[in-house]
Amino acid sequence: MAEDSSNPYRLPRGVVPRRYELRLEPDLEAFTFAGTVGVDVEILEPVDEIVLNAAELEINEGDLGDVALAGIDYDDEHERAVLRLGESASPGPARLNLSFTGTLNDQLRGFYRSTFTDDDGDERVIATTQFESTNARRAFPCWDEPDLKAVFEVTLVVPKDLMAVSSGAEINSQPAGNGRREVAFAPTMEMSTYLLAFIVGPLEATEPVDVNGTPLRIIHPVGKGHLTEFALDAGAFCLGFFEDYFAIDYPGDKLDLVGIPDFAFGAMENMGCVTFREILLLLDADSSTQQERQTAVDVIAHELAHMWFGNLVTMKWWNGIWLKEAFATFCEMLAVDAYRPDWKRWLAFGLSRAAAFDVDALAATRAIEYPVVSPADAEGMYDLLTYEKGAAAVRMLEQYLGADEFRNGVRHYLRRHSYANTETHDLWDALAESTGEPARDVMDSWIFQGGHPVVTAAARDDGTITLSQSRFRYDGQTDDARWQVPVVAIVGTDTGERTDRLVLEDPVALGGDSPDWVMVNAGADGFYRVAYEGELLGRLLDTGPDLDPLQRYVLVDDQWALTVADRLGVADYLAFAERLATAEDDLAVWRRLAGTLGTLDHMVPDAGQAGLQTRVRAMVGPAWGRVGWEPVAGENDRIGELRGVLARTLAVGGNDAEAIARCRGLMAAEGVDPALAAAAIAVVAATGDEVDYEEIHQRYENAPTPQLELRYLMALTTFDDPALMDRTLAATLDGTVRSQDAGFVLRGCLENRDHGPRAWAYIAEQWAEINQRLPSAIVPRMLGGISALSTPELATEVEAFLEAHPVPQGPLIVAQHLERQKINVQLRRRVQEELGGTNT
């Protein structure tokens, strides 16, 4: 292992760890902890100092076997401690012993505290961990880099009435005096520091389920065991699914899925001890919507895929975060599609992929993989491009190679690199060796350059159709970037249909007879836009085949993207949407249609809003007539979700008085279908008054499940009353709203049609407190709401403020938000011109 001497955040490699023996005693009343760590190290060259990572810790004393420490120097900027030795240490094995103390912080990173109120109304405290990417160093001194793998033996000293769990199975528990007990855990496999976890608190566990010899449990705060059945079933299925898919046994000795009340991310793939936001693990299947259940299974599947792709085989450095996260996102689709085929998970993937397209069409996009120097750089990689664009690129490759061939290549990769670290090209090389296809050549153009192409289909005078590519950007600019684009096109001629498969680089003419129509990206798996010039789109819709839901979804998504890029008129898009909506009954397509109609509603001036609402009612009407208010016994879950989408679109986007009144009745009724109940809450909030606000706020405070709690909380951001907006904004900082949720509430307030500017004024005024209270990773995501502030004056104001108040943990993400805000300013101008005059 060679040190990257050009990077001041990298550790020297003269001493490397092999095994940690870690003993910790947290104090859940004083919010502190004390610990010792003994590290079996290998000294590779003579050294007179040892450099390791430590942040927010006080190292009290230590030695290297018989060699005492002469002193300790801290490098706070690079989060390191330099242990000066009393004498030089020679190459060979040695034992480093350190004692240290630290604070159980409230920043949701490192070793931190989480609180909840139990059934008796008492506040309870949990001490838990979140180490990815570089926060293990906040819990104990360590070599906190992913390629410095080691074995971990953890012992926790805890109050005897509290539960303790860690990455390894519990192997011993014995009294430790003063009402405490000492809990020892089995050694872990050889793994990176960021994958270790330990948790202490008033917790309970389900009875374990045996999955091919692995005990699987759900661990949860006391009193929430009734919300575990669904996740336990999904977790058992996914664990078995991945053992089969990867053809490698689960590499741990047990698997605990742990619900944490305060958690900055969605979940974390700690080896053997996976942590989740409660909303993604603890749910009541009867009161939750299909989307809420699907999201929970998505995240469970994602984290369990990491047990192999990320934990067993790990990236060498943080520039490789994208690969483990993109692959786990791809794998979650595979597992959920197998768990519930009726949910049509690959179809729903279009919605999240659209969000990645949205970022990737900006000048401020980035390559999927880019150089990472500092912890802040690593933190900035957790975005839509890493997860969704990365997953789309992996899916595109899988479809190009064939599902079976791709899976065999992945198995080859995992077997070759088990318990080791890899670079991105190692996966492509394994796939190439296994399939004989040039996977690396195809993928490099997608991974190492930002952006994506638009494939343009154009008819020549002689009737033939040519395909060409160029970079797609919302601002209309382009460059010489080229991709190897795997294109699947279906061509219709007088003699029938044919499928053309090609890798598009330079312009190419589709061969054969002059086509009547062509459908590009026919499988909808390619990460590119399609533009049909002239009459080609009309010919496809008029004389082409019956399009499946995914093909229709892609058409809507592409036409909207062309509208945002000013390559299609707003009125033209609306006419296209009206034509498609007449016969549309698919959930995913309607979600995309509803999203675009919501954007138009947000931007249309007051004078044009009534006209747009009339058109929305006409669009929704035919589908609503087929679905109606009453669920049918035995209907597909997706039909219920569609009913909710249509009801909300009809009531809010269409301002339909009857639908609004019906939703008010549904919110007060018992036994309402969950999707329709969720829509009713949203409608009442969007059209409600202070009395409605008080009702929803009370329901938020007394919600029996995490899903209902979040529904009510986010509904508070949509009320059309400045005084109520002020109450919601204040709740993000006065302790009413958990810090893990506050940023998303603020984002929702920014997106309020009438009071987004009011929310921005509050954020600017409270900027210092927001940054102190919110977990740092959430701040850049909170700012995503600024893109809804689409007036020239606000765009100028926001840009000036953020230039004066930079966000170091997400500068590129913030730049993307600012650019999208400018794009929306231009879109708003066109919406006003085409749908309702030019007044603002």
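Of the 840 residues of the protein chain, 60% count as buried. The model is predicted. The chain holds 26 helices and 29 strands. Its overall dimensions fit a compact globule: for 840 residues such a globule would have a radius of gyration near 28 Å, and the chain has 28 Å, which agrees. The C-alpha trace spans about 85 × 65 × 55 Å along its principal axes. The accessible surface of the chain comes to about 30600 Å². Carbon and sulfur atoms account for 47% of that surface.

Helix H16 illustrates the arrangement at a local level. This helix covers residues 657-668. At 1.5 Å a residue, its 12 residues should span 16 Å; the end C-alpha atoms are 17 Å apart, so the two values agree. Five positions of H16 are buried: Ala659, Ile660, Cys663, Leu666 and Met667. These residues cover an arc of only 120° around the axis and therefore lie on the same side of H16. An α-helix has 3.6 residues a turn, so residues three or four places apart point the same way. Ala657, Glu658 and Ala668 are exposed, on the other side of H16.

The buried residues of H16 have three helical partners. They pack against helix H15 (637-653), helix H17 (674-686) and helix H18 (690-701). The N-terminal end of H16 is capped by Asp656. A side-chain oxygen of Asp656 lies 3.2 Å from the backbone nitrogen of Glu658. Glu658 is itself among the exposed residues of the helix.

How values were computed
Residues numbered from 1 in each chain as written. Predicted model: local features only at pLDDT ≥ 70, side-chain atom pairs only at ≥ 80, totals over all residues. Heavy atoms only, no water. Helix = DSSP H or I, 4+ residues; strand = E, 2+ residues; numbered from the N terminus. Expected span 1.5 Å × (residues − 1). Buried < 20%, exposed > 50% of the residue type's maximum accessible area, 1.4 Å probe, protein only. Arc of directions from axis to C-beta. Contact = heavy atoms within 4.5 Å. Polar contact = N/O pair within 3.5 Å; in protein donor to acceptor, adjacent residues only side chain to side chain. Rg over C-alpha atoms; globule rule 2.2 N^0.38 Å. Areas by Shrake-Rupley, 256 points an atom, 1.4 Å probe, with all protein chains shown as cover.
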